[in-house]
Each structure stands twice: as structure tokens, then as C-alpha cells.
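Please find my notes on the model below. They are set out as numbered points, to be read alongside the coordinates.

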Amino acid sequence: IHEQEAPGNSDPVERRGRVSTTMLRSLLLLVAATSAAAFCPALLPTSSSRSAAVQMSMVSRRDTLLLGASFAPLVLASSPALAEEAQGNWAEHQGPFSESEFADFKSTASGLKYKDVVQGTGESPPEGKSTVRVHYAGYLPSGSLFDTSYRPALFPFSLRNPYGPPMAFKLGERSVVPGFEEGLAGMKVGGKRIVYFDSSLGYGKAGAGPIPGDSPLIFFLELRSIGAGMAL
């Protein structure tokens, strides 16, 4: 017969195990509730959603505080993207572009101009139809932002990166305008580049949506990964 342990004198390892279990339960409930609200708010009035809400209410304030205090240092320590965001978004541009901004850009045979803002340290896309994942922001010369992949990420992905996933496409399949693909040439994973090209490498005389015909385009490109799989 084992002796019964006096209240308040439980083993520290056992106590830590109970706390970890409580934290994990709290995190899972938070993810479930937040995902339901983010992806399909219309589901909230259903019985299953009400059940999830009731379960959420059962998580004590102490559990939630423990969860936040425990995960915050891990998130900050493992997320260089959050540190970047604190210093400002590199792909933002205020006002019209001027010719002087492209004075130190290099030029290719097609007339595309580019400047490496950050030299990547990873691999470059191999020849052939490689899958690449790229964050981008596209501007008109007027400074108008017509498209971007830098959109806020949903929880819990926002814990790792403030932005949603980058755009994935295969090189050599004409799934993007020629200037966009050419602008990636020679980049390495982790690199950031600004490219400028005229309408012959963009949407031509016809234009597209908010892009008028014969308009040059400016793209801020960030090569996130090469190959299959997911990159944040």
C-alpha cells in the first residue's frame, strides 16, 4: 500500500506536467475557436460552435495567462519576421516613384532593371520548371499598390510570421508576367529585390484590372523557398 502524499507536496515534475497539459488544452481551444471565427463566422450560432464557446469559457484566466506567458518568449525568439516587422515593412512605398530611385539599378538585356536590397543566403532556383514561393508587392509608377501577398496571417500562423503564405508558382509555365519571372533570375532564398520593367514585360497595351495599358510596373520580390512544401 502506497502512502498518500500530503496536499501541496506533489512532485515538481508532476506539477510541471499538469501545467503543460493545461497550457496545451488552452492553446488547442484557442486555435479551434479563433479558426472557426476567422474561416466561417456563420458557423458560430450552431450547436457545435456554441459547445466550443462553452469549452472556451471553462478555460480559466489563470490558464490563459500561463499560456501567453509561456509561448510569448518562444514566439519572439523563433520569429525573425516579427523583428523585421517591428522595423517597418520593406515593401512599402509612399507616393509616386521617381527616375532617381532607379538610377543605381542594374539592367538586363530585356531592359528590366533590378536592385538587390538583401542578398539571400539560400539556393537559387535550378533551371527547369521549379516551384518557387515568393512574397511580392506590385506598384504602378504613380505609387498605387495594385497587388500584394503581404497580407495579415491568420492565427496561429501569425505567431510565426505576420504575413500569410507567399505565392507559389512554377517557373517556365507563363503563370506570371515575364518581368516578374525574369526579376527572380539569380536570386537566392532569403533575398529581397526591387524590379522595374516596361509594359512589354508586363500587361502590354491592353492592361489588366487596375493596371492601365502601356504601364511600367515595379515589384518588390522576396524569394522565400524553392521546391515542394509550405513556406511562411
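Leaving aside its neighbours within four places in sequence, which residues is H93 in contact with?

1. Basis. This is a predicted model, in which local features need pLDDT of at least 70 and side-chain atom pairs count only at pLDDT 80 or more, while totals for chains, interfaces and linings use all residues. Residues are numbered from 1 along each chain as its sequence is written, and side-chain values use heavy atoms, with hydrogens and water left out.

2. H93. With neighbours within four places in sequence set aside, H93 is in contact with E101, Y139, G143 and F220; contact means heavy atoms within 4.5 Å. H93 is found in the loop between α4 (80–86) and β1 (106–107). Its relative accessible area is 16%, so H93 is buried; buried means under 20% relative accessible area, exposed over 50%, and partly exposed in between (1.4 Å probe, protein chains only). The side chains of H93 and E101 make a polar contact at 2.9 Å. A polar contact is a pair of N or O atoms within 3.5 Å; within protein, one must be able to donate a hydrogen and the other to accept it, and residues adjacent in sequence count only if both atoms are side-chain atoms.

3. Overall make-up. The protein chain has 5 helices and 7 strands, in the order α-α-α-α-β-β-β-β-β-α-β-β along the sequence. Helices (H or I, at least four residues) and strands (E, at least two) are DSSP runs, numbered from the N terminus. Of the 232 residues in the protein chain, 34% are buried. Among contacts between residues at least 6 apart in sequence, 71% join residues at least 24 apart. The accessible surface of the protein chain is about 14100 Å², with 59% of that belonging to carbon and sulfur atoms; such areas come from the Shrake-Rupley method with a 1.4 Å probe, and for residues only the protein chains shown count as cover.

4. Strand β6. Why is β6 described as largely enclosed by the rest of the structure? Because 6 of the 6 residues of this strand (residues 192–197) are buried. K192, I194 and Y196 point one way from β6, and R193, V195 and F197 the other way. Note that K192 and R193 are among the buried residues here.

5. Partners of β6. Strand β2 (residues 113–118) is joined to β6 by 5 bridges, and the two run antiparallel. Two strands pair if DSSP finds at least two bridges between them.

6. Aromatic pairs. The count comes to 13 aromatic pairs, where rings of Phe, Tyr and Trp (its six-membered ring) pair if their centres lie within 6.5 Å; planes under 30 degrees apart count as stacked, over 60 as edge-to-face and the rest as tilted. F102 and F105 form an edge-to-face pair, 5.2 Å centre to centre with 85° between the planes, and both are buried. F146 and F219 form another edge-to-face pair, at 5.7 Å and 85°. This second pair links distant parts of the chain, with F146 in strand β4 (residues 145–148) and F219 in β7, 73 residues apart. F146 is buried at 17% relative accessible area, and F219 is buried at 4%. One aromatic cluster is made up of W90, F97, F102, F105, Y139, Y196 and F220.

7. Nonpolar cores. The largest nonpolar core has 23 residues, of which V134, F169, F180, L184, F197, F219 and L221 touch the most other members. A nonpolar core is a set of buried Ala, Val, Leu, Ile, Met, Phe, Trp, Tyr and Cys residues joined through side-chain atoms within 4.5 Å. The elements giving two or more residues to this core are β3 (131–139), β6 and β7, and β7 gives the most, with 4 residues. Apart from this core lies another, of 13 residues, among them A91, F97, Y163 and Y196.

8. G172. Is G172 buried or partly exposed? At 47% relative accessibility, G172 counts as partly exposed. G172 is found in the loop between β5 (167–170) and α5 (178–183). Not counting residues up to four places away in sequence, G172 touches K129 and E181.
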